Number of protein chains: 2
Amino acid sequence: MEAVTRMPRSLERLFDPRSVAVIGASQDFASISGQPLLHLKNHGYRGAIYPVNPRYTEVAGLPCYPSVAALPAVPDLALVLISAARVPDALRRCGERGIPFALVVSSGFAETGGEGVRLQQELVEIARRYDVGVVGPNCQGMMNVAGGMYAGFGAAFQIPALRAGPVSLVTQSGGFGYAVVSLAEEAGVGFRHVVCTGNEAGISTLEFVSHFIEDPHTQLVAGYVEGLKDARHLIRVGERALAANKPILLWKVGDSEPGRRAAVSHTANLGGPAELYRAAFRQCGVLEVHDVQDLSDLVCVFLYGKQPRGRGVAIVTLSGGAGVVTADQCVAFELEVPALSAASEQRLTEIVPAFGSARNPVDVTGNIFNDPAMLREALRVVADDERVDSLIVITALVQGKMAAELAREIADLDRATAKPVVVCWSARNELAAEAYVLLDERRIPRFKTPLRACRALAGLTDFAEARRRHAARAGERVRRIESRHAREQLAATGGILGEHAAKRLLAAYGIPVTREELVQTREQAVASARRIGFPIALKVCSADIPHKTEAGAVRLALANEAEVGAAYDEVLASAYRFDPRARIDGVLVQEMVTGAIEAIAGVVNDALFGPAVMFGLGGVFAEVLRDVSFRLCPVRRGEACDMIRGVRAYPVLAGAHGKAPADLGALEEALERLSALALDLEPSVAEVDVNPLFVFPKGGGVKAGDALIRTRAA
Amino acid sequence: MEAVTRMPRSLERLFDPRSVAVIGASQDFASISGQPLLHLKNHGYRGAIYPVNPRYTEVAGLPCYPSVAALPAVPDLALVLISAARVPDALRRCGERGIPFALVVSSGFAETGGEGVRLQQELVEIARRYDVGVVGPNCQGMMNVAGGMYAGFGAAFQIPALRAGPVSLVTQSGGFGYAVVSLAEEAGVGFRHVVCTGNEAGISTLEFVSHFIEDPHTQLVAGYVEGLKDARHLIRVGERALAANKPILLWKVGDSEPGRRAAVSHTANLGGPAELYRAAFRQCGVLEVHDVQDLSDLVCVFLYGKQPRGRGVAIVTLSGGAGVVTADQCVAFELEVPALSAASEQRLTEIVPAFGSARNPVDVTGNIFNDPAMLREALRVVADDERVDSLIVITALVQGKMAAELAREIADLDRATAKPVVVCWSARNELAAEAYVLLDERRIPRFKTPLRACRALAGLTDFAEARRRHAARAGERVRRIESRHAREQLAATGGILGEHAAKRLLAAYGIPVTREELVQTREQAVASARRIGFPIALKVCSADIPHKTEAGAVRLALANEAEVGAAYDEVLASAYRFDPRARIDGVLVQEMVTGAIEAIAGVVNDALFGPAVMFGLGGVFAEVLRDVSFRLCPVRRGEACDMIRGVRAYPVLAGAHGKAPADLGALEEALERLSALALDLEPSVAEVDVNPLFVFPKGGGVKAGDALIRTRAA
């Protein structure tokens, strides 16, 4: 009975400990075991600090204790700085003393392999037995910036006064994570909590993210992630963030093959497949960042508070060129630059000079210098247009007095409208100081270049859209289907289900399949063909012959009884020629399908994420172009709809070039049902492939043409 | 006889005038007509300045002249600041006086439409008649930074001391272009010449680019481009830049629909199609930028001087996490992160600690603090590896003394190897000042984040590769085919060439077509089918029925003479039912093609770029996924090869999933021949569509299955 059943741990005391023990505190304050105590003292940590080291009686002016047992009180947090081999014992003593949290800085665990893996497993067990919340091992440390609680080592801990703020960050890499903190802080980001998770023997990245979402003083959650060991909770955590209106900005790495290689060797995490991470991010509104600049720009735009109702952006510019650049970049970030209403364009024609533009992007021109009120009027017209969800105002290099005047106009507009107003202003700080201070006081986001303005606004818009999707989803039911028979059948199957068995299983979850019968004789084949109706396909059914066509074990378009009879003998002969020892279940007599689009659908039951549904068009689309989309289960109707529209080849289904549109409703339902199947069979199913999934024109439904199911036991 | 035949104008005197007349100089120095004279004086322009204005005798302490005729000498440059209506007269007087260059700041020309268009045309004619090199109109001005020659107005002209340097920039937008100059200069870029081209009534953007390539003091050329009026010279200019080893960095806008709309209304340029710009950039190594940061980062990496031999990057990092990030981003920018040789990995295993990584990305870990020599050894091993073409060294937040030591190691390595070494160093400027100064003195490029390091290195690598491609191309002959008969035939055709005629034209340029005969009777059809061999296809041939299948005017897979005879009557009947007045040329008796991949190829003869060749796979690939590639003519063998590999569906041709690879050699030759056709027929051809172009397995060649040619007269 090692595992103790407990409530999810509150991490409040970890970030705000009343006292900290420093186990292995050193008097060499440049060393890794010397730095943490010094940083705690220097950054003004107000709780008690207890150095623990039998070699000293005093460290940095503080009394030093020979052991954890000798401490005068039970600290909330123990920093563990000793060599790996001695960590399990120290952790046990922490547990015995009732210390709730331990941050293990020491390296030499799973990241080194071999003995280190065993040592880490020991940590896990001790932590469980004594219910100690472990951060690390192999961890650079953590910060509570406003609380002056800097528990760790390295260059970032030496920065004298980091700006405190509403961003909490969790990182799986100490070196890189703290570099991001240092750079982002320089760019104006204020941090609340920062924590490095190291090898995650105890508290995971997602647990920290969850804590930050609950934390009332955190407004944005940021993270550097190589792989999530509890990835299956990602969607739930992300949905809580949507409900709490706290964006999660993740720097997810390990996509590239060499990157993945390094991710595995660097942490002891399993890297989940990139496609499932992307699917999960899309499903729960996680925003990805790829540089410090986009991180800090997103923080800026989110702290503004406003969020747009839709993707339509109006651009109002003093420079025509900047308007063109901005329109291009809006479109590149999948924002829309809609035409304004005829009434708005008419009003703008009266306001804007002839050499400007009354259309979106609206170019008010440098004439603003002669007539600053023009900007006010133009902005009002644009902000009142129903097609506009947010505004980008571009003021080029305007500086000095005129800059301050324009800033006031923009601030007035911002107060008057609920729509987000983002400013692109390129003047140097010293030349437009008054204007910049005014905008910054109002938290109106401003950026020096169009790319940055558009990228930030796109992030804001994506998050707002994810929140709307999430709210809509709350009203959508999850389709659940239970089939005890299917569960038992699959659990009993120790391998692969071939076409016929797999399709019967699909049918049990309401997924239509081609009409077919499994027969054992030539006479049965002919009789069956008569029942199903010509033309007919014959296929040999054998788990030993997965690629039937290559084995010559398929005949198509058989027009009459004579052809069926002859083909029956041929396919069996071919199959035995191909593999004389093949165990053959019979011959499948199947209707021929015409007039359908061939799609491919399936399920993967991922070790990290759990079951997910896949969809794409058949043949080269899926196999060569990798044009498929994934969603984690449960897949509700709205998500099924979204994933179908998410493949590049979607126009083929929608009815490109005057062809009939496909039955999208039936396709959505089939994907929902695949999700229900995957959830019901989760313990035993590893993989489902429906290929082809025939999609008929609207009203015609779908039909699984062939299928294959691999069980976990396989 | 208006147009004067002349040599390409040297622009040296424009950027370095010995004297400047300021026509319309104002005493209101805040106004657009007052600023330029003040800027010339304030920035230390050393030539003579002649204000011209009949209302004053003195401006800013300089004698003011009543007219151009009254000037004491002939200036090299006239700045024209008067109202649009008076500009033609002033330009004529400049011409009469023999002034070689005029920069027209005034607005109110083509950008306003109507009368402005006429006025601009007048400027063009006067400029031609008197051989005046006109910059603008509607132009914010130009700068020779080192020469203190600031001829223009606006905030950028008021910056006291712009850094002089080796970057020359041409911009079609004054407001945006000068914002880029201001921001880039702040980021460390030094400029040589900057010019705004405005409406380009005279000197074009490409003429300025050409001048900068020839200019010995320019090392990099930058540009903001909405559309090039002389786009057909782009490739030639780009190739000169490759030969001169001077990268062209272009910010090309107007891609998005709303962007395009604005580009047309903003300048008076025609926007060429985005695809042809991209094709041209690829063909001649132009690098695109999308933000000021990538522009300034590229400048930094190019001024370094080294260029890599290939795309293989070795990453050496102190932080495992940063290594993963960097590997991901290398791959995102299409750089490679190859495995090192076994020997290198073995050597590194001896150098790097166990919790690091001896594989690429090589993680030397923070252990470097205990053993700085380790970095030196690791770097040498990596730099000597033949699979490595360039190195990214990541030093995270290392600061102070250790930073200086690492910088010295990096500088030593840089001296010892010909391979580029790019540094990613995130420490704050004040904390690693000594290290940064050392690297900067050696011009070793350093960036604060992995994204910036990878993006810059990718630009350097792309340019080096374009130079190698260009050098290889010099040895490739351009296939030229002349067919006087085809030229005459096409020139005489006032419309569209249908299948049979178009394919005979293709055949004249050596492009294989399906075996086929045009017949006029049922008996001829049967006889023809016998000659060609069964199965046979029949198609009605009529320019009035371009979509034959829809009209029921096609029958496929006719197996024998009886079927051909019957089908002959049917297709004709269907055709007449479809359009009773259709003029029918006959019925095409054609071989049936099987076992080929259907591709699509073609020619567009663009108004701006001239002829270009297109290639893609057939059906949805081209039509729905827009998965096609373009190259401007002439298309040499290497480019044909490159454009085939440039479509996403290329694996289908290369032999995906065990299928036979297609005859790529024959396909390349067909594209070369299409290019030869396009060049030979350039005056009369508008469009060629070969759809399908059958591509047979290797050795089987290609065959045009259907074709259509539109003439310019159509």
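## A parallel sheet in chain B

Let's start with two neighbouring strands: strand 1 (residues 19–23) and strand 5 (residues 77–80) of chain B run parallel and are joined by four bridges. Strands here are DSSP runs of E with at least two residues, and helices are runs of H or I with at least four, numbered from the N terminus. Two strands count as a pair if DSSP finds at least two bridges between them. Within this pair, Ala21(B) stands opposite Ala78(B) of strand 5.

Both strands belong to an open sheet of five strands in chain B, with the order 2-1-5-6-7 and parallel pairing. At its edges are strand 2 (48–52) and strand 7 (133–135) of chain B, each pairing on one side only.

## About the model

This is a predicted model, in which local features need pLDDT of at least 70 and side-chain atom pairs count only at pLDDT 80 or more, while totals for chains, interfaces and linings use all residues. Residues are numbered from 1 along each chain as its sequence is written, chains are lettered from A and ligands numbered from 1 in the order written, and side-chain values use heavy atoms, leaving out hydrogens and water.

The peptide bond from Cys633(A) to Pro634(A) is cis, with omega near 0 degrees. Pro634(A) sits in the loop between strand 27 (628–632) and helix 22 (637–645) of chain A.

Asp131(A) has a positive phi, near 55 degrees, although Asp131(A) is not glycine. You will find Asp131(A) in the loop between helix 4 (115–130) and strand 7 (133–135) of chain A.
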